[in-house]
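Please read it alongside the sequence and the model.

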Amino acid sequence: MACLLETPIRMSVLSEVTASSRHYVDRLFDPDPQKVLQGVIDMKNAVIGNNKQKANLIVLGAVPRLLYLLQQETSSTELKTECAVVLGSLAMGTENNVKSLLDCHIIPALLQGLLSSDLKFIEACLRCLRTIFTSPVTPEELLYTGPDHQTILFNHGAVQNIAHLLTSVSYKVRMQALKCFSVLAFENPQVSMTLVNVLVDGELLPQIFVKMLQRDKPIEMQLTSAKCLTYMCRAGAIRTDDNCIVLKTLPCLVRMCSKERLLEERVEGAETLAYLIEPDVELQRIASITDHLIAMLADYFKYPSSVSAITDIKRLDHDLKHAHELRQAAFKLYASLGANDEDIRKKIIETENMMDRIVTGLSESSVKVRLAAVRCLHSLSRSVQQLRTSFQDHAVWKPLMKVLQNAPDEILVVASSMLCNLLLEFSPSKEPILESGAVELLCGLTQSENPALRVNGIWALMNMAFQAEQKIKADILRSLSTEQLFRLLSDSDLNVLMKTLGLLRNLLSTRPHIDKIMSTHGKQIMQAVTLILEGEHNIEVKEQTLCILANIADGTTAKELIMTNDDILQKIKYYMGHSHVKLQLAAMVCISNLVWNEEEGSQERQDKLRDMGIVDILHKLSQSPDSNLCDKAKTALQQYLA
């Protein structure tokens, strides 16, 4: 009988809780504002420490109503404050609670609340935001990385209001102000340009930041100040050769990479330095010779230390936790250091076991480490010498092909960029990569929704086709298909279009290859050429297309596809008289190849082109002030005279 009694008792308790929860929600809709306020206060008291009650209220739809009341201009400040407090309390429940709050777009509502003049309401909004952003389910970018949020803060006077806090007697206040400036300046030229001219007690902000990164200041302050100056430099507000960057910021960040610093500081220092020097070759050279940085970074790979040598469990946990971050930071910094300079790349590769470490990094469990390792390899792959030596010795192409089989887009983009380099004609890796099924893989990338992957896929195929054997060219065309080729030629991304034209140009080189390809795909290729020459495209696209026509005109049998196509001939004639010399030159090469008198059928071709008025245009162009155009016109005319 006891078992039978348990069920109805539980049901009655559940009904009671649900009924009371419903009562709290219903009171939020009372027409009397005072009763609504009292209802929110009662709700606040009911949810404190009661996760079940919190969950019930969320399910019953309390959150949208609370957010509505919080944003209504007619709501009293006291009501808005109490709503923010209840929402903060709900956020302190389970992760599902936080997800529900995020789904109701709580963050924009709370950020808007920060514009209030009432301190208690602002504090309640801030407390709620802090609770939400400390939850692991909340994406950090919702607040920090959006330029829209930076602009909102900037437009509401954040710079002026925060600047004076840098002189506060409280260290905590100074640090929070610094951190705020680093967030505001990140990848934001508008804010950064303003910051360089802000005066605080007669001193410019960059000068204050420089003082804050001096050796006698706390490490946290040095690092954050260096970040501020780094972000302002990358946003174009401070020159890369400015003393505050070369003599202050860069050396400070290199110091942060030394063994004496905590692991977290070494990670932050290396990543910030990598970002600072990434686009500037001179900064890369300076960094590479500062405090033996390249050798110093090798130590980043020595964590975790030997487990048997560590008796302190806390230290072991600490080392394990930061091992991935250290390797990621080192790879990033090596990638930036070696981005442009051959000597620096050589030093990096000669660092102890470096190639082995990078290759191992390609199969790390951490996506971030894998991405950083691929970036590092990509940077080093820009060296012709290293492609022929170290990359071949370590068979780098094998793990790279493995990475390309199954990886997130962000890794695929960098890995496929690197593959483009490994497929250059002088790379010894080109042959084994081809044998491992690269053609199908790359043709697959050209169908990606990600334009960067489409570009890299077609770019790698373009490199693969350069001076390639007929079989490889046939494999590319078969795997790609003419339908996909057409799609790529009408791609909205200009880079995709240009690389596709480059691929066609490389496929249509060497006479036997030109004739063979045009005999099987001539109709479709001529159709594609016509579409592009008729379309609204820039000079570079039109020039590349005319160069493809010039290659076709160099074929033995393929040139007849041009000669029997009056539409194409008229287009070539039109571009001979174009105002842009590049297009005139490309059209001239077509004509020269068509009228060359040593080839069979040249007389008939010359006669047809003369009837079209081509010879008259050649005479006119032989007087051109452009020496190249003049020479080419004279050469073509000589074919008529011979």
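**Cysteines and aromatic contacts**

Cys233 is buried, at 6% relative accessible area (buried is under 20%, exposed over 50%, partly exposed in between; 1.4 Å probe, protein chains only). The model is predicted: local features need pLDDT of at least 70, side-chain atom pairs count only at pLDDT 80 or more, and totals for chains, interfaces and linings use all residues. Residues are numbered from 1 along each chain as its sequence is written, and side-chain values use heavy atoms, without hydrogens and water.

**Cysteines**
- The structure holds 0 disulfides (a disulfide is a pair of cysteine sulfur atoms within 2.5 Å).
- For Cys233, the closest cysteine sulfur is in Cys244, at 7.6 Å, so it is too far for a bond.
- Cys128 is buried at 1%. Its closest cysteine sulfur, in Cys125, is 7.5 Å away, too far for a bond.

**Aromatic pairs**
- There are 6 aromatic pairs (ring centres of Phe, Tyr and Trp, its six-membered ring, within 6.5 Å; planes under 30 degrees apart are stacked, over 60 edge-to-face, the rest tilted).
- Phe181 and Phe209 pair edge-to-face, at 6.1 Å and 65 degrees.
- Phe181 is in helix α11 (171-185) and Phe209 in helix α13 (205-212), so the pair ties together parts 28 residues apart in sequence (helices are DSSP runs of H or I, at least four residues, numbered from the N terminus).
- Phe181 is buried at 0%, and Phe209 is buried at 0%.
- Phe186, Tyr231 and Tyr275 form one aromatic cluster.

**Charges over rings**
- Arg234 lies over the face of Tyr275, 4.2 Å from the ring centre (NZ of Lys or CZ of Arg within 6 Å of the centre and within 35 degrees of the ring normal).
- The charged end of Lys499 sits over the Trp459 ring, 4.2 Å from its centre.

Conventions:
Helices (H or I, at least four residues) and strands (E, at least two) are DSSP runs, numbered from the N terminus.
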